[in-house]
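Try each task yourself before reading its solution.

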Amino acid sequence: MINAHEKLDFRVQRWIFQQGWNSLREIQCLAIEPILSANTDVLISASTAAGKTEAFFLPAISAIADHSNGVGILYISPLKALINDQDRRLESLSDLLDIPVTPWHGDSPQSKKRKLRASPAGIVLITPESLESLLIRDAGWVKSAFSSLKYIVIDEFHAFLGSERGNHLLSLLHRLEHLLGRLKVPIPRVALSATLGDIEKVPFSLRPNQSLPCKIVRDSVSSASIQVQVRGYVNPGQITEENPADAEYQICEDLYKFCRGGNHLVFANSRARTEGIAATLSDMCEQNLVPNEFFPHHGSLSKDLRESLEKRLQQEQYPTTAICTMTLELGIDIGKVNSVVQVTAPHSVSSLRQRLGRSGRRGGPSVLRMLIAENEIQKNSNIADKLRLELIQSMAMIRLLISDKWFEPADTSLYHFSTLLHQILAVIAQWGSIRAAQLFNLLCREGPFRHITLDSYKALLKHMGATELITQLGSGELVLGVQGERITGHYSFYAVFKTPEEYRIVSGSKALGTLPIDSLVLVGQHIVFGGKRWLVKDIDTDKKTIYVEHAKGGRPPRFGGSGMSVHDIVRQEMFNIFCKGDYRIHYEGQKIDFANKEARALFQEGAHFFNDAGLRENAIIQDGANTAILTWKGDKTVNTIAALLSMHGFEVGNFAGVIEVIKASAADVVEALCNSAKSELPDATELAQSVPEKRVDKFDEFLPDELLAIGYGARAFSLRGAKSWLGSHFS
DNA sequence: GACCTGCTGCGGACTG
């Protein structure tokens with residue numbers, strides 16, 4: 001293995017030498033053989049900044065170095081920004097070997113695209129949506145330009161796994177192999193990622209039909225140390241002289257202390273909170289007469305504002321702290337930061353893991369602070385507050401990440417009917433016409449939509465015919481209908497994910513970003529946006545533009561959004577912590593306490609309530625006129641139990657995993673659940689039929705009701721989870 | 001209490 005690099009092209013070896021590298025990293029050595037062999041898929045899993053991209057490109061470029069014509073490597077990325085980063089990073093290596101690199105996405109220069117069209121060669125960096133547009137508009141060119149394609153590499157593979165967009169990507173790759181006549185001799189796929197849960201199963205998601213084996217390459221367990229602290233804050237019920245500041249302001253005061261003078265990332269979980277915190281911190285700088293070094297970063301901010309912040313972080317010339325959402329979670333090139341701060345509990349352990357990977361400079365420890373606010377307990381406080389569930393969830397996630405090295409695997413069992421409908425339209429648009437059976441083979445039997453039965457497929461085609469998306473010719477061939485022509489003809493067709501209608505926010509001639517159309521902003525209102533304070537001067541509904549100018553005061557606008565789902569394992573860990581009365585982590589015979597004084601006190605309050613209420617033995621407790629159910633299961637199971645009770649005629653609320661049955665006695669609820677445990681339960685589809693609004697994804701509006709219910713049921717409910725919980729408590 | 005991602009081709013204004 002020491003000499004693994006000798007198998008690389010001598011010019012690649014010279015490039016490695018020029019970089020001043022003494023040796024290749026472990027995964028880079030391990031990846032050389034399987035990639036050069038070109039007879040297997042490869043999964044490269046290694047921590048952030050461990051050199052995954054080079055682990056692929058060094059051998060892959062060696063393999064195509066003497067490739068004379070046609071594109072040799074197709075690189076696919078979830079982000080345009082990542083394509084631009086890779087284009088820069090590949091420059092010196094590709095120059096040395098005289099291999100052209102072409103970034104191909106909506107914002108990349110037409111001149112480069114024209115050049116590739118005239119003489120296809122080298123490496124193409126593309127998004128799934130641009131690949132879709134190429135297949136629909138110019139499949140003939142794709143067929144010749146990619147005829148000798150040697151590798152397909154997918155960056156940040158976890159960002160695709162299990163999602164509508166991920167299934168779109170897999171379908172595109174299968175259609176590409178089909179077009180190139182490579183179904184029998186598939187093109188090797190290489191997936192790069194730092195965060196893949198349940199990694200042994202991921203090869204089935206990289207190539208669902210398993211027509212090629214997959215080699216997993218990963219680095220040995222990293223020994224990088226982690227420093228972590230959870231800090232607690234109490235949000236007073238009323239602002240008084242004794243309690244002069246709400247929790248968010250206290251948190252900002254601490255952020256100002258921790259972060260000023262260094263480079264940090266503060267993940268605040270919502271765009272509104274991100275804006276609020278950034279504006280408060282910037283005010284603090286102003287009050288203290290120091291230059292501002294706190295800036296927001298999220299998906300609604302203009303590209304301009306985002307890129308200038310990314311550049312500022314990367315250059316490290318001025319101390320800079322970004323208050324951000326998940327936009328800075330993926331591998332955009334900002335370098336490593338001194339520390340990562342998480343304000344409010346993270347949504348998942350895997351996202352916490354991605355975020356933590358952003359800190360740890362020059363082999364130093366990763367530093368994570370978690371700042372959690374809980375409400376002061378009042379007479380009418382709810383059970384989630386009394387149990388301090390947000391704090392406990394944060395502690396559970398830290399334990400899972402550090403002690404168990406566990407994080408959520410992607411859910412790859414869903415149907416993705418919306419994306420199947422999109423692909424039916426896309427394939428017909430690409431080919432002009434196709435037989436129904438051929439289409440089923442391509443997308444469902446051989447392609448990625450393997451969960452979908454022939455009956456569901458037939459029902460979908462029938463409904464698409466009835467709504468004029470497609471038409472069947474006398475010969476039996478399917479072609480686009482009037483509506484299908486209209487939808488596929490518009491550029492917005494290429495993406496499978498939904499985006500809400502938005503207003504642009506403009507100050508003078510400068511675009512600041514966008515706001516969803518239902519955010520209820522009014523003329524004369526003061527808002528916070530881009531970390532600054534503004535007065536809304538005018539709203540032009542025709543041009544969908546909000547005009548603002550600088551002002552004082554104001555609150556962040558509403559951005560909207562939908563909830564996220566907590567995993568079974570996280571809730572079980574929370575229950576374990578309560579049962580043991582201890583959240584500390586065992587390490588080398590010691591117990592490590594990662595909470596500060598305030599967080600410890602809040603934990604004790606939650607633990608007392610847990611014990612006093614007898615929650616270790618009882619899942620159901622009377623709460624005034626209501627009854628609360630604590631299943632300590634993930635949201636899919638909780639949703640299912642809540643839906644079952646709702647079918648029994650109960651009025652049910654569900655917050656933070658606690659089911660609240662309104663105006664019902666514990667005895668009545670227990671009786672209903674006992675009956676459920678004994679009887680045949682409805683299936684997930686039947687439960688979904690009682691949900692009034694099931695349209696979530698982009699093309700759901702075109703689906704027949706029966707498929708909408710099947711898709712929604714599989715996503716929202718877990719009958720298996722509900723049965724097992726009912727079985728263990730009521731039989 | 002609530003995240004993120006992407007797509008076209010053309011016309012018109014502006015710059016060198």
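Predicted model: local features only at pLDDT ≥ 70, side-chain atom pairs only at ≥ 80, totals over all residues.

**Exercise 1.** Work out which kind of pair the rings of Phe493 and Tyr494 make.

*Solution.* Start with the distance: the two ring centres are 6.4 Å apart, and rings pair if their centres lie within 6.5 Å. Next comes the angle. The planes of Phe493 and Tyr494 stand at 70 degrees, and planes over 60 degrees apart count as edge-to-face. So Phe493 and Tyr494 are an edge-to-face pair.

**Exercise 2.** Find the residues that form an aromatic cluster with Phe56, then look for the rings that have Arg117 and Arg369 over them.

*Solution.* Take the cluster to begin with: Phe56 is grouped with Phe57, Tyr75 and Tyr151. Now the charges. Arg117 places its charged end over the ring of Trp141, at 5.2 Å from the ring centre. For Arg369, the ring is that of Phe258, and the distance to the ring centre is 4.2 Å.

**Exercise 3.** Describe the largest cavity: how much volume does it have, and which residues line it?

*Solution.* Let's start with how empty space is found. Rolling a probe the size of a water molecule over the atoms shows where empty space is left.

- The structure has two cavities of 30 Å³ or more, and the largest has a volume of about 60 Å³.
- Its lining is made of Leu170, His174, Glu177, Arg189, Arg207, Pro208, Asn209, Glu446, Gly447 and Pro448.
- Sorted by class, this lining holds four charged, three polar and three nonpolar residues.
- Helix α7 (residues 164-179) contributes the most to it, with three residues.
- Domain 1 (4-218) and domain 3 (417-494) each supply at least three residues of this lining.

**Exercise 4.** Now do the second largest cavity: which residues line it, and how do they divide by class?

*Solution.* The space here is about 50 Å³. Around it you'll find Leu389, Arg571, Met574, Leu630, Thr631, Trp632, Ala656, Gly657 and Val658. Sorting them gives six nonpolar, two polar and one charged.

Methods
Residues numbered from 1 in each chain as written. Chains lettered and ligands numbered in written order. Heavy atoms only, no water. 1 Å grid on protein atoms, 1.4 Å probe; cavity = no way out; pocket = protein on both sides within 12 Å on 5 of 7 lines; lining within 4 Å. Points joined across faces, edges and corners; volume = space filled by probe spheres on them. Helix = DSSP H or I, 4+ residues; strand = E, 2+ residues; numbered from the N terminus. Nonpolar A, V, L, I, M, F, W, Y, C, P; charged D, E, K, R; others polar. Domains from an automatic or database assignment. Phe/Tyr/Trp six-rings, centres within 6.5 Å; stacked < 30°, edge-to-face > 60°. Lys NZ or Arg CZ within 6 Å of the ring centre and 35° of its normal.
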